[in-house]
Amino acid sequence: MLEPLTNGITRGAIYALIALGYTMVYGILGMINFAHGEVYMIGMFIGILTLGVCTSLGAMPIGIALVLAFFVAMFFAAAQGYTNERIAYRPLRHASRLAPLISAVGVSIFLQNFVMNAQSKDIVNFPRQYSAPLVSPAFVIGDARVTWLQLFIIGLSVALMVGLYLFVQRTRLGKAMRACSQDQTMAGLTGIPVDRVVSATFVIGSSLAAAAGILFAMYNTVGKFDAGYVAGLRAFTAAVLGGIGNIPGAVLGGFIIGLTEDGTVYFWGGDWKDIAAFAALMIILIFRPRGLLGERVAEKV
Amino acid sequence: MITRSLFLRMVLPVVSLFGAATLMVGCGGSNAKDDEVIYIGVAGPFTGPQAKIGTDMAQGVDLAVAEWNERGGISGKKIVVIRGDDEAQPKQATAVAQDLVAKKVVGVVGHFNSGCSIPASEVFNDKKVVMISPASTNPRVTDRGYNGVFRVCGRDDQQGTVAGKFAIEQLKASRIAILHDKTTYGEGLANEFKKTIESLGVEPVYFGGVSKEELDFRAVISAIKAQNPDLWYFGGIYDQGGPLLNQARQSGLTAPLMSGDGLIDKELIKSAGKNAEGSYLTFGPDPARVPTAKTFIAKYRAKHGEPGAYSIYGYDAANVLLNAIAKSPSTKFDDLADFIHGNTFDSAMGPLAFDERGDIKGTYYILWIVKDGEFVVWEKNETAD
């Protein structure tokens with residue numbers, strides 16, 4: 001009975017990392033970055049490719065290869081997120097509300113098909129030698145086997161989330177991000193370089209998504225070009241559920257969605273999994289239309 | 001000087017007549033060249049997650065067509081293959097079917113997935129084009145009584161039955177969990193398996209589905225594990241079978257997996273590695289043991305590399321179609337369909353004859369097992385431990 005709990009927390013941690021990107025961008029720009037799921041997927045693929053390169057370079061300690069994969073993937077995903085913003089969203093910043101949304105969908109379709117054609121339409125296997133040592137169980141609670149990999153995923157995700165929170169609360173750039181999300185015009189008038197803050201937001205959100213992507217591929221042993229669509233949808237739901245625009249809300253939402261999915265499948269069967277996340281969203285929005293922790297009113301979209 | 005009335009009375013009619021003439025010449029009608037070519041269609045997933053297995057099948061067809069063309073074609077006419085990619089999506093399948101019909105194919109080898117063959121067959125039946133599927137196993141493909149729909153593979157009610165009987169009688173399983181991918185094929189197969197084990201007195205301890213894009217199966221694996229099964233069944237395709245096996249073994253689900261023809265592909269082994277060992281699969285007879293298949297395997301290897309599981313079925317389906325086109329009184333739909341119903345064909349898998357529904361006569365499915373990274377036919381003395 002405890003296994004849905006441990007699995008749900010693990011999965012929830014991954015959703016939370018992705019949801020942070022959605023929520024931060026919405027907080028600052030008031031737009032939903034539909035291409036965020038694809039940035040997650042690109043991080044996943046670059047991580048797998050980097051590990052493939054490490055393998056062909058010969059014997060390398062697993063820890064070093066993984067660290068390298070994370071850094072490379074986060075770097076390229078950040079670059080991708082930055083590019084998305086500059087090319088597809090910034091020119092439309094003063095256009096109608098709908099324009100950047102449609103642009104985002106276009107970017108999403110483009111990236112999905114690009115990876116599908118450039119890489120593989122089939123599943124791509126995560127090189128198992130890099131996750132093998134982590135797959136063994138760390139301990140057993142009740143009937144739940146908690147593997148080192150699950151602990152690693154939860155640990156790394158929480159570390160990144162805490163890091164983000166501290167960054168937003170304690171650094172100058174973080175303060176600037178909070179100012180921009182409160183009132184962009186005034187922030188600009190007080191001398192905050194709004195364009196740079198927006199870019200930083202995308203870069204940070206994309207890096208987190210890339211980390212989530214690699215963790216997902218390690219956990220599920222495979223990656224696929226449409227993984228961004230599936231996970232992005234659920235992470236977006238998590239962000240809205242927690243209160244879109246709110247960083248702790250995204251984290252809370254991620255864990256809730258993860259637990260809801262696992263719990264629903266455990267008690268009612270796999271057929272209901274896709275519905276679980278959306279049902280949870282509907283129920284919560286009925287009672288708290290702004291999301292669980294949301295202060296921003298979701299009137300913009 | 002061109003006045004307005006002059007324009008309306010002379011220039012405009014000339015231009016419009018000229019335009020109409022161009023349209024009529026450019027579209028429709030038949031080119032003199034078309035009469036020297038016979039078109040056949042091949043429909044299946046050539047892009048997307050099942051691209052490999054679809055392409056394997058299409059290359060089998062290409063081999064058959066190449067052989068016929070080397071022998072001079074049919075009545076001196078060259079045979080040309082037109083491929084239609086349905087990406088394993090039922091919605092694309094009807095579009096592909098209509099496109100092939102518009103291109104005037106005499107017959108079609110396809111589709112691959114049952115979910116595609118069934119809607120496509122409606123189009124082919126309506127437009128009177130013969131369709132032979134190399135791989136669609138759902139019973140509904142031939143159960144609707146369409147005279148021109150055939151298949152050279154088995155049916156899921158046979159496949160599920162063979163698997164169910166094996167599970168109970170050979171493996172003596174008593175706690176069986178069943179999972180499927182919610183497609184026409186996967187769910188249909190799982191249902192047949194369930195019906196069989198229930199008729200033998202065993203109720204499944206779990207029955208559920210996962211969506212086709214799902215890659216994270218831990219939730220259903222937990223639910224299955226909680227039931228302590230000694231065998232579990234998956235109705236689905238290898239692209240999900242691989243990660244499913246990996247995650248199951250990681251979660252501590254050690255019971256053997258049983259599945260159907262959707263999992264027989266090298267990609268499963270590449271994806272799951274050792275985690276696939278000991279899995280039971282239902283499939284047709286081993287081509288390597290059928291003497292007539294050996295020539296096919298050698299020829300295919302020379303042209304296309306290692307054959308996939310369905311290359312030989314594509315080859316056989318194409319040969320049935322081409323034989324019918326060559327030997328029946330005409331290439332009209334009714335003559336072709338009646339010819340196929342009424343004759344026995346020599347194929348790489350042995351003699352093929354069809355019953356009134358379009359299914360092949362005779363039993364078909366046997367059990368295979370994954371051993372040392374290879375698919376081998378299950379023998380009595382092999383065990384999965």
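Guide: Welcome! Because this is a predicted model, local features need pLDDT of at least 70 and side-chain atom pairs count only at pLDDT 80 or more, while totals for chains, interfaces and linings use all residues. Residues are numbered from 1 along each chain as its sequence is written, and chains are lettered from A and ligands numbered from 1 in the order in which they are written.

Visitor: Where does A:Leu293 sit, and what does A:Leu293 touch?

Guide: A:Leu293 lies in the segment after H11 of chain A. Helices (H or I, at least four residues) and strands (E, at least two) are DSSP runs, numbered from the N terminus. Leaving aside residues up to four places away in sequence, A:Leu293 touches A:Gly242, A:Gly243, A:Asn246, A:Pro248, A:Gly249 and A:Leu252. Touching, or contact, means that the C-beta atoms, placed from the backbone, lie within 7 Å.

Visitor: What makes the buried residues of H6(A) line one face of the helix?

Guide: In helix H6 (residues 172-182) of chain A, the buried residues are A:Ala176, A:Met177, A:Cys180 and A:Ser181. Down the axis of H6(A) they fall within an arc of 135°, so they line one face; the arc is that of the directions from the helix axis to the C-beta atoms. The face turned away carries the exposed A:Arg172 and A:Gln182. Covering the buried residues are, among others, H1, H5, H7 and H8 of chain A.

Visitor: Why are H4(B) and H7(B) called roughly perpendicular?

Guide: Angles under 35 degrees count as roughly parallel, over 145 as roughly antiparallel, 65 to 115 as roughly perpendicular and the rest as oblique. The axes of H4(B) (residues 114-126) and H7(B) (residues 184-199) come within 7 Å and cross at roughly 110°, and the helices are therefore roughly perpendicular. Their contact is made by B:Ser114, B:Gly115 and B:Ile118 of H4(B) with B:Thr184, B:Tyr185 and B:Gly188 of H7(B).

Visitor: How many residues of chain A and chain B are in contact with each other?

Guide: There are 28 residues of chain A in contact with 29 residues of chain B. Helices H1, H9, H10 and H11 and strand S3 of chain A each supply at least two residues of chain A's side.

Terms used. Contact = placed C-beta atoms within 7 Å. Buried ≥ 20, exposed ≤ 12 C-beta atoms within 10 Å, placed from the backbone. Axes fitted to C-alpha atoms, helices over the stretch in contact; angles between N-to-C directions.
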